[in-house]
Amino acid sequence: KRALINLGGNVYAYGTKADGSSWTLARSGEGENLTWNLSGSDVELDSQKATTWLESLAALSTTGWLDNDSDLNGTLDTLVAIGEGERTVTLEVYKISGSSEGESDSYYGKCSETPYPFNIAAYSVQKYQKNPEDLAK
């Protein structure tokens, strides 16, 4: 699971790697005073990759809306929370494993800004699932 929290210009992203260890990415300040900190990993952070990843979160789109009372049976895969002043927007991405061999996994999301769950294309989900190695120089 991964999460992103933006509070007053400071951004914190954290996650758990496959081996169970955790990592944290933090961005603070603005302009010339902008600094990045990566803990829980030995990789050298590429600040441009980190910036691009954080900015891409605003471009998520849906492939269709679902009924609010749908029995979706997904498992939480990714959690994103973005703070804007006093308001925090959350996005939960759920995974439904393919039911038979060769059937692809599917994804749907729930957002605090809409009352309805929505489909998300697998390629879109993959853009948001990052580990420290994905953000390395």
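Me: Hi! Which residues of helix H1 are buried?
Reply: In this predicted model, H1 covers residues 47-56, and Ala50, Thr51, Trp53, Leu54 and Ser56 are buried there.

Me: Why would residues a few places apart in a helix point the same way?
Reply: An α-helix has 3.6 residues a turn, so residues three or four places apart end up pointing the same way.

Me: Nice. And what caps the N-terminal end of H1?
Reply: That's Asp46. One of its side-chain oxygens sits 2.9 Å from the backbone nitrogen of Gln48.

Me: Switching to the inside: which residues make up the largest nonpolar core?
Reply: There are nine: Leu57, Val80, Leu91, Val93, Tyr107, Phe118, Ile120, Val125 and Tyr128. Strand E7 (87-96), strand E9 (118-120) and helix H2 (122-128) each contribute at least two residues to this core.

Me: New topic: how many salt bridges are in the whole structure?
Reply: A search finds two. In one of them, Glu44 pairs with Lys137, with the closest N and O atoms 3.4 Å apart.

Me: What does the Glu44 and Lys137 pair tie together?
Reply: Glu44 is in the loop between strand E4 (35-39) and H1, while Lys137 is in the segment after H2, so the pair ties together parts that are 93 residues apart in sequence.

Me: Are those two buried or exposed?
Reply: Both Glu44 and Lys137 are exposed.

Me: And which side chains meet in a salt bridge at 3.3 Å, N to O?
Reply: Those are Lys95 and Asp105. Lys95 is in strand E7 and Asp105 in the loop between E7 and strand E8 (106-111), 10 residues apart. Lys95 is partly exposed at 25% relative accessibility, and Asp105 is partly exposed at 30%.

Me: What about Ser106, where is that found?
Reply: Ser106 is in strand E8 and is partly exposed, with a relative accessible area of 34%.

Me: How far is Ser106 from Lys95, C-alpha to C-alpha?
Reply: They are 5.9 Å apart in space and 11 residues apart in sequence. Not counting residues up to four places away in sequence, Ser106 touches Tyr94, Lys95 and Ile96.

Methods
Residues are numbered from 1 along each chain as its sequence is written. This is a predicted model: local features need pLDDT of at least 70, side-chain atom pairs count only at pLDDT 80 or more; totals for chains, interfaces and linings use all residues. Side-chain values use heavy atoms; hydrogens and water are left out. Buried means under 20% relative accessible area, exposed over 50%, partly exposed in between (1.4 Å probe, protein chains only). Helices (H or I, at least four residues) and strands (E, at least two) are DSSP runs, numbered from the N terminus. A polar contact is a pair of N or O atoms within 3.5 Å; within protein, one must be able to donate a hydrogen and the other to accept it, and residues adjacent in sequence count only if both atoms are side-chain atoms. A nonpolar core is a set of buried Ala, Val, Leu, Ile, Met, Phe, Trp, Tyr and Cys residues joined through side-chain atoms within 4.5 Å. A salt bridge is a side-chain nitrogen of Lys or Arg within 4 Å of a carboxyl oxygen of Asp or Glu. Contact means heavy atoms within 4.5 Å.
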